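Please look through the sequence and the model below before reading on. The report that follows describes parts of the fold in words.

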Amino acid sequence: MAKSIPFDPDNLVLTKNELLDFCDKVLEKWNKHPSKNANNILAMTAVKASIVWTDEDALKAIWSEIISWVFELLYENALSQGKNDDVDWSNVMKKLKNKK
């Protein structure tokens, strides 16, 4: 009988190669307009290099923490934008839903 592992959205299960693939997708997008995205490309290249040099266990610890904080940052960012009385929250929710 297989042991059931509880779901934890903050626990990174992606591999090093999957993280590198993500970086490559972002770089591919930014490289369509390299002069506009030069600083971003440089920064993402540094992120990619750090992933290459870091062992899998450290990556899981670091990126699990990043994932955990992303939800809090998104929430705080939405609240900050929502301080404007002109914000139509239904449009915000639609954009979040259709982001991908």
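## A residue to start with

Is Asn40 buried, partly exposed or exposed, judging by its relative accessibility? Asn40 counts as partly exposed because its relative accessibility is 33%, where buried means under 20% relative accessible area, exposed means over 50%, and partly exposed lies in between (1.4 Å probe, protein chains only).

## How the model is read

This is a predicted model, in which local features need pLDDT of at least 70 and side-chain atom pairs count only at pLDDT 80 or more, while totals for chains, interfaces and linings use all residues. Residues are numbered from 1 along each chain as its sequence is written, and side-chain values use heavy atoms, with hydrogens and water left out.

## The chain as a whole

The protein chain has four helices and zero strands, where helices (H or I, at least four residues) and strands (E, at least two) are DSSP runs numbered from the N terminus. Read from the N terminus on, the elements follow the order α-α-α-α. Of the 100 residues in the protein chain, 14% are buried. Contact means heavy atoms within 4.5 Å, and among contacts between residues at least 6 apart in sequence, 62% join residues at least 24 apart.

## Helix H1

Helix H1 covers residues 16-30, which makes 15 residues, and from its first C-alpha to its last it reaches 21 Å, close to the 21 Å expected at 1.5 Å a residue; the expected span of a helix is 1.5 Å times one less than its number of residues.

The buried residues of H1 are Lys16, Leu19, Leu20, Cys23, Val26 and Leu27. They cover an arc of only 120 degrees around the axis, which puts them on the same side of H1, the arc being that of the directions from the helix axis to the C-beta atoms. An α-helix has 3.6 residues a turn, so residues three or four places apart point the same way. On the other side of H1, the exposed residues are Asn17, Lys25, Glu28 and Lys29.

## Helix H2

The 16 residues of H2 should span 22 Å at 1.5 Å a residue, and this agrees with the 23 Å between its end C-alpha atoms. In H2, the residues Ile41, Met44 and Ile51 are buried. They cover an arc of only 80 degrees around the axis, which puts them on the same side of H2, whereas Asn39, Leu42 and Trp53 are exposed on the other side.

Ile41, which lies in helix H2, is buried with a relative accessible area of 16%. Leaving aside neighbours within four places in sequence, Ile41 is in contact with Leu27, Trp30, Asn31 and Pro34. Ile41 and Cys23 are 18 residues apart in sequence, and their C-alpha atoms are 9.9 Å apart in space.

## How the two helices meet

The axes of H1 and H2 (residues 38-53) come within 10 Å and cross at roughly 170 degrees. H1 and H2 are therefore roughly antiparallel to each other.

Notes:
Axes are lines fitted to C-alpha atoms, for helices over the stretch in contact, and angles run from 0 to 180 degrees between N-to-C directions. Angles under 35 degrees count as roughly parallel, over 145 as roughly antiparallel, 65 to 115 as roughly perpendicular and the rest as oblique.
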